[in-house]
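Subject: Structure handover and findings

Dear colleague,

Please find below the structure that I am handing over to you. My notes on it follow directly after it.

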Amino acid sequence: MQQDPAPRFRVDVAGLPRYVPGRAAPTELVEKLSSNENPHPPLPSVVDALGRELGRVNRYPDPRSGELVAELATALSVPDDHVVPGTGSLGLARDLLAAAAGAGDEVVLAWRSFEAYPVLVWAAGATPVPVPLRGERHDLAAMAAAVTDRTRVVVVSNPNNPTGTAVRRAELERFLGRVPEDVLVVLDEAYREFVDDAGVPDGVELYRRRPNVVVLRTFSKAYGLARLRVGYAVAHPAVAAVLRACTMPFAVNGMAQAAAVASLRARSELLERVGSVVAERGRVTDALRSAGYTVPESRANFVWLRLGSGSRPFADACEAAGVMVRPFGEEGVRVTIGTPHENDHLVKIARDLAVRERV
């Protein structure tokens, strides 16, 4: 029997790297520390702002996110036309790559880093050039050496996901000095608010002196708005204009705009919550190290365990005991910082597993 013809797609779809999102917890009895979510719900003022928007969902949102842009520009001390909102830092990264790179072009990135980046590079038609981490951190010297005349974009995640490590000011400045001015440098700072090391540079300060640098940030992590998908880019006008032209119309919905504005206006309260997550991160790191695990210094809202072939067994054992964590092949496991109770539960499981391994 003759089969009907099927739609044709790109021949390299079969080899496309897959982005694997965190699973939903299978039951309410399983605590989810696998998706880098903020353990705190939105502040009451943010919930109120969302409530006011509910009665207007029949209307399109402001296509330019004008109020949000103005709030961000004031908070960051940058001109309005340097700010471009989008559907999280991920959506903005997609649009940047689509605008800057295509067939025959290359995108240099650290690996392992954010899983979605190779997918976005492929979707743009370009070729990813992964540069292995060194000591769980970006090897910026090797990344600079990987730049060729085919390179259109270089991506630096600071802090890096999933290792949580961050590059420091002097090494990043040296790196930026080696990248040609016609190559776009994307500084992904999705976890910037959790950085408590003054030696880790603020990308917004770096971009001011470098027209080829664009900074990506999000409201998903520190601000606890993951479900609303809102983030922003900060870039010089030439880059911002291209990004604005490539961003889907009405990309940031009205609920997201309202919640982001309310969150910025409650920033001091939100930073208190961030401080509690950072304190818990330190406590969890110390507890895991004392149990015998090697944990690099994290500047994000998660910690990384390089467990090699033991990654999947560790993750499975944690889930069986009631905590979901995120394994990455045979490399390691990422553990989100949750509530103190959730963190205590995770540490107990990890200690029990470490004792079992030693027996």
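Is Cys246 buried, exposed or partly exposed, and what is its relative accessible area? The model is a predicted one, and in it Cys246 has a relative accessible area of 37%, so this residue is classed as partly exposed. Cys318, by contrast, is buried, because its relative accessibility is 0%. The number of disulfides in the structure is 0.

Domains

The chain is split into two parts: domain 1 comprises residues 31–41 + 267–357, and domain 2 comprises residues 44–265. Taken over C-alpha atoms, the centres of domain 1 and domain 2 are 25 Å apart. In the contact between them, domain 1 takes part with 22 residues and domain 2 with 24 residues.

Helix H1

Helix H1 covers residues 44–54, and its buried residues are Val46, Ala49, Leu50 and Glu53. Viewed down the axis of H1, the buried residues fall within an arc of 100 degrees, and they therefore line one face of the helix. Their packing partner is helix H9 (254–265). On the face of H1 that is turned away from the buried side, the exposed residues are Pro44, Arg52 and Leu54.

Aromatic residues

There are 7 aromatic pairs in the structure. One of them joins Tyr191 and Phe302: the ring centres are 5.1 Å apart and the planes stand at 80 degrees, so this pair is edge-to-face. An angle over 60 degrees is the cut-off for that class. Tyr191 belongs to the loop between strand S6 (184–188) and helix H7 (203–207), whereas Phe302 belongs to strand S9 (residues 302–305); the pair therefore ties together parts that are 111 residues apart in sequence. Tyr191 and Phe302 are both buried. Elsewhere, one aromatic cluster is formed by Phe219, Tyr223 and Tyr232.

Charges over rings

Which charged residue sits over the ring of Phe302? The residue is Arg334, whose charged end is 5.8 Å from the centre of that ring. Phe302 thus has two partners to inspect, Tyr191 in the edge-to-face pair and Arg334 over the ring. A further arginine, Arg326, lies over the face of Phe328, at a distance of 4.7 Å from the ring centre.

With kind regards

How values were computed:
Residues numbered from 1 in each chain as written. Predicted model: local features only at pLDDT ≥ 70, side-chain atom pairs only at ≥ 80, totals over all residues. Heavy atoms only, no water. Phe/Tyr/Trp six-rings, centres within 6.5 Å; stacked < 30°, edge-to-face > 60°. Helix = DSSP H or I, 4+ residues; strand = E, 2+ residues; numbered from the N terminus. Buried < 20%, exposed > 50% of the residue type's maximum accessible area, 1.4 Å probe, protein only. Lys NZ or Arg CZ within 6 Å of the ring centre and 35° of its normal. Arc of directions from axis to C-beta. Contact = heavy atoms within 4.5 Å. Disulfide = S-S within 2.5 Å. Domains from an automatic or database assignment.
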